[in-house]
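Hi there,

Here is the structure I promised to pass on. Have a look at it first, and then read my notes below.

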Amino acid sequence: MALPKRIIKETERLMAEPVKGISAVPHEDNLRYFDVTIEGPEQSPYEGGVFKLELFLPDDYPMTPPKIRFLTKIYHPNIDRLGRICLDVLKGNWSPALQIRTILLSIQALLGAPNPDDPLANDVAQKWKEDQNAAIETARQWTREHAKP
Amino acid sequence: MKFGHIFKERLKSEGFPPEWVESAISYSQLKKCINRLTNELSELGLDPQTLRQLLKKVEDFNAANKDDDKPLEYLLAGQAGLGEQQGGTAPFHPMLLVYVNETTGELDSAHLNEETRHKLQLLAIDTGLSDLRVVELPDEEPDCLPSRTVNNSAGGLRRRPGYRTVEVPLTSDIEFFSTLAAELVGLEELQEREQRRMRGEIERLGKQIARQTDPDRRANKKLLAIWRQIFQIYVESDIFFGTTESDHSARDSEAAVERFEKFASTIASHHLVDQMKREENLRALTAFMDINRNLLQGLRFGEINRIAMTKILKKFDKQTALGVKKTFPQRIEYPDFSQHLARAVCAEVNTQILSHVPRIDDYTCAMCMDIQWRPVRLRCQHVFCIRCLIVMQTNKQHFCPLCREKTVFDANAENLDLEMASFLKKWFPDEVKLKQRHNQLMAGKDEYGEVYQQKCCVM
C-alpha cells in the first residue's frame, strides 16, 4: 500500500526541523517503522542518558496512535520492564491531530515528571512512593549503566 | 589592511547608490578629529596614559561609592535633545571636568605628575579668569549636606563643597560627537526614505501580481501555480529571518545573501522562469528579485556602518582613554538600518505580495495533511476534510481532534462549508481535483475492499 501523504509530510518535517534532544529516523525498507532516540531531560534522573525507542505507525494511523516502546532499559514508574509506556495520549486521549513529534515531546516530558500515582511498573512505583530519593538514585544509576550516549 | 581603507573600498565596490555612500559614516574625518583631540589633550599633559590612570581612579572611587573624591570625569551631556532637534545644531556637549580645591588651588589627585598638575592648575586659573568654559557651581551649605554630593538637576553635574569644577576646554571632541551624531541621524533618515520608496514599489508589484494570478481570468490558470511555487520556495528559504521553532532570529547579510542565491538557483532548477511566457510576468518576477536585492544591500550597508561606528569609538578610547565606547551607545540609539528595514519590508512583502496567492499550508486538514476537501466545519468551528471525518464517525471517534469537543458525533451534510469549498476550488483547482479523486478511491475501497480501483476494469 502506498504511504499516505500525512506520513510523508511528517517524516519530511522531522528531518528538516528536528526537535531538540529527539531524533526519529524511518527504516529504509519500512517507512512506518522509526528508530527513535530521546535525550534525558536536564535536571531529571535521566539527564545525560540517551534512550532508544521503536515507533511504529499502524495502518489506520493517524486514526489510531503510533505504537511506541522503550528499547533502552529505564527505571521509571510509568514504563515497564518491556519498555511499554503508560501515557494517556498514547491510549484513550489520542487525537488524530497529534503527531510523531508531539508524542515524542510528551514522552520526553514524562521522563522529566514521573507520575507514580498512575503506574505501569508496579514495583518501581511502589519504591518511588516509599523512598523517592532512593528511587531517583536507582534511576540515575540505570541511566549511567544502560543509556550511555 | 586598516579598517578605514577597507571601509572606503567596500563603500566603493559594492554598488551602493551614491546617495547612500554620502550618508555613510565619515570614518577618516572622524579619525582626524581624534588625532586633533589627542594633540589638544597632550598639550595639557593629559596623554592617554595619564588619563587612563585618572579615570581608573574614578572607577575605583565609584566602586567604593566615594565619588566626592573624584579628580575628574568625562560627561556626555545634552544628549536628550537629539530626537527633537534634527536641525543639525549639535546637541552634544561632552565635558572633561576637573575638580580643583578652592582654598588651596590643589588638584584633587595625588597621582598626577608635577608637570601635568601644574598645567592643569594654570588652566584652572586661566579659565577661571577668562570665564570661558568654566562651570562655576555655587557652594553647598556644609551644614545641611556634609560631604555629600548632590545632582544638579540642570546639567547633571555634581556639586561639591570646597571644590571648583573646571572644564578642560576641548573643541575636537565636540566636533567628533556632533559629526557622529549628525551622521547617525542622517542614516536614520535615509533608512526611512528607503523604506517609503520600497513600500511604494512593493505595493505596485503586489497589484501587478494580483492581476496576473486572478483565477477568474482563464489565461492565468497555469501562472497561478507557477507563482505559488515561487512564493512557496521563497517562504521556505527563510532569507531574512528564521521561521522555525528553533530558529527565528534575523540573519546577517552574509547568510541572507547565501540564502537568496539558493532561492534563485532553486527557482532556476525548477524551470519556473522558463514557464513564464508573457513579458509582464517576467517583468514582475524581476521586480520581485530586485526588491530583495535592494533589501540585501541595505542590510550590508547597515552592517558596515555599524562596524565603522564601533571601530571609531574604539579608536577614540584607545587614543584618549576617555572611555566612551560603553557610554556613547547608551546615549544614542544606533539606527538599526538593516533590521528595521528588513522587518518592515518583509512584512510588506507578506501582506502586499505573497497574500495574493493563498498558500496550501493554510488550508490543509490536520489529520491527512492534504487539502481540506471537501471542507466540513464542525460546530466548534474547526475545519477538516470530509474523508477524515467519515472515517472518524465510522470508528465512533466523536471528539474534535483539535479541541476534544464532542462535535464530530453530530456533524452532517449541513456542516459542509460551501463558501470555503468555492474558495478552494477557485485557488487550488489542481489540488482539489487530486483530492477529489483520492476521496472517491477511498470511498470505493470502503465499499468494495482493497481490490477496488478507480478505473473500470473489464476482465
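A definition to begin with: helices (H or I, at least four residues) and strands (E, at least two) are DSSP runs, numbered from the N terminus. On that basis, chain A has four helices and four strands, and their order along the sequence is α-β-β-β-β-α-α-α. Chain B has 14 helices and seven strands.

Some housekeeping: this is a predicted model, in which local features need pLDDT of at least 70 and side-chain atom pairs count only at pLDDT 80 or more, while totals for chains, interfaces and linings use all residues. Residues are numbered from 1 along each chain as its sequence is written, chains are lettered from A and ligands numbered from 1 in the order in which they are written, and side-chain values use heavy atoms, with hydrogens and water left out.

Chain A has 149 residues, 48% of them buried; in chain B, 45% of the 459 residues are buried. Buried here means under 20% relative accessible area, with a 1.4 Å probe and protein chains only. For contacts (heavy atoms within 4.5 Å) between residues at least 6 apart in sequence, 69% of those in chain B join residues at least 24 apart. In chain A, residues 24 or more positions apart account for 55% of the contacts with a separation of 6 or more.

Now the interface. It takes 18 residues from chain A and 17 residues from chain B. Together the chains bury about 1300 Å², 54% of it on carbon and sulfur atoms; this is the accessible area (1.4 Å probe) lost on putting the two parts together, summed over both. There is one salt bridge between the chains, that is, a side-chain nitrogen of Lys or Arg within 4 Å of a carboxyl oxygen of Asp or Glu. The partners are Lys5(A) and Asp370(B), with their closest N and O atoms 3.3 Å apart. On the chain A side, helix α1 (residues 5-16) gives the largest share, five residues.

Finally, how confident is the model? It scores ipTM 0.86 and pTM 0.68. Chain B averages a pLDDT (the predictor's confidence in each residue, from 0 to 100) of 75, and 68% of the residues score at least 70. Within chain B, strand β6 (residues 375-377) is highest at 96, and strand β3 (residues 150-151) is lowest at a mean of 32. Residues 128-159 of chain B stay under 50. Where pLDDT is low, the predicted coordinates should not be read in detail.

Best wishes

Key: Buried < 20%, exposed > 50% of the residue type's maximum accessible area, 1.4 Å probe, protein only.
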